[in-house]
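Please have a look at this structure before reading my notes.

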Amino acid sequence: MDIREKEILEILAKKKMVRSAELCELLHCSTSSIRRALISLENQKVVTRVRGGVMLTQASNIEFSHTYRENKNLSKKKIIIDLAKDFIGPGMCLFLDSSSTVQQIIDAIMTIPNLVVITNSLKTATILSESNNESLKIFITGGEIKMNSNAIFPSGQDPVFESFRFDLAFFSCRGIDQDGIYETSFSQANLKKEMMQRAKQKILLVDDSKFDSTHFFKIGNFEDYDAVVTNQMPHSNYLNLFETKDVELLYPE
């Protein structure tokens, strides 16, 4: 996502809907330049073009492109990862989902010896394969590559699914409310449920923007996770829930 596209999203975050002519004036650029940027954003399913203008996509179950999500709330993700990395020790077998949040843990993984990592993320597998950690073993799940998602989803029996049990699995999600954890697609939710069943310890990484956000496809309940890591103290309602469900909650003190 280039600078102009980010500027357009910043404007839309405040105004929700804006005319193309106004974007040209605000950003001091030509109509053709704005049109190209809007076409790119629409292809990423971030905006919807309407007659004479554009509006931010509001549907709660739109799955934004990985490229867009990768650059969103980056500082919050780094705070989360700084806490979550302490769960990892030498010799572990890990599962990493394809989320942009979990992807941020790659730098920590590269420094730890004798890890086995399984992922359904194309980018995570590629970056790890280019590391200098020769003791690292990397496996990627097989199946269909979902467009704009950076993710692979099984289209049949996959030997990787059957061959591993994980010491530790890291997941993120699209939303969380007081009734559970959610994703925006059936395939994402199903894969995460499957991998959760194969992990001894399950860690949910979720920034504060995802709280009080409900979506169609439920991944699980609070008690399905051993720990939840976030970037700031949640509302007291969630604090009580985590305590009641005996889920460890980590956030910066």
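1. Basis. This is a predicted model, in which local features need pLDDT of at least 70 and side-chain atom pairs count only at pLDDT 80 or more, while totals for chains, interfaces and linings use all residues. Residues are numbered from 1 along each chain as its sequence is written, and side-chain values use heavy atoms, with hydrogens and water left out.

2. The sheet. Three strands form an open sheet in the order S10-S11-S13, with antiparallel pairing. Strands here are DSSP E runs of at least two residues, and helices are H or I runs of at least four, numbered from the N terminus. Two strands pair if DSSP finds at least two bridges between them. The edge strands are S10 (175–177) and S13 (217–220), each pairing on one side only. Neighbouring strands are turned by 40° against each other on average, direction ignored.

3. Inside the sheet. Strand S11 (residues 180–183) runs antiparallel to S13, and three bridges join them. Tyr-182 has Lys-218 in S13 as its bridge partner. Helix H10 (residues 186–196) packs on the sheet and touches S11 and S13. The direction of H10 makes about 10° with that of S13. Axes are lines fitted to C-alpha atoms, for helices over the stretch in contact, and angles run from 0 to 180 degrees between N-to-C directions. Contact means heavy atoms within 4.5 Å.

4. Helix H8. Which residues of H8 (residues 122–129) are buried? They are Thr-124, Ala-125 and Leu-128. They cover an arc of only 95° around the axis, which puts them on the same side of H8. That arc is taken from the directions from the helix axis to the C-beta atoms. Buried means under 20% relative accessible area, exposed over 50%, and partly exposed in between (1.4 Å probe, protein chains only). The buried residues of H8 pack against several elements, including strand S4 (93–96) and helix H6 (100–103).

5. Positive phi. Asn-114 is not a glycine, yet its phi is positive, near 60°. Asn-114 sits in the loop between H7 and S5 and is partly exposed, at 48% relative accessibility. Asp-246 also has a positive phi, about 60°, without being a glycine. Its loop runs between helix H11 (236–244) and strand S15 (248–250). Asp-246 is exposed, at 70%.

6. Cysteines. The whole structure has zero disulfides, a disulfide being a pair of cysteine sulfur atoms within 2.5 Å. For Cys-24, the closest cysteine sulfur is in Cys-29, 5.4 Å away, too far for a bond. Cys-24 is buried at 14% relative accessibility. Cys-173 is buried at 3%.
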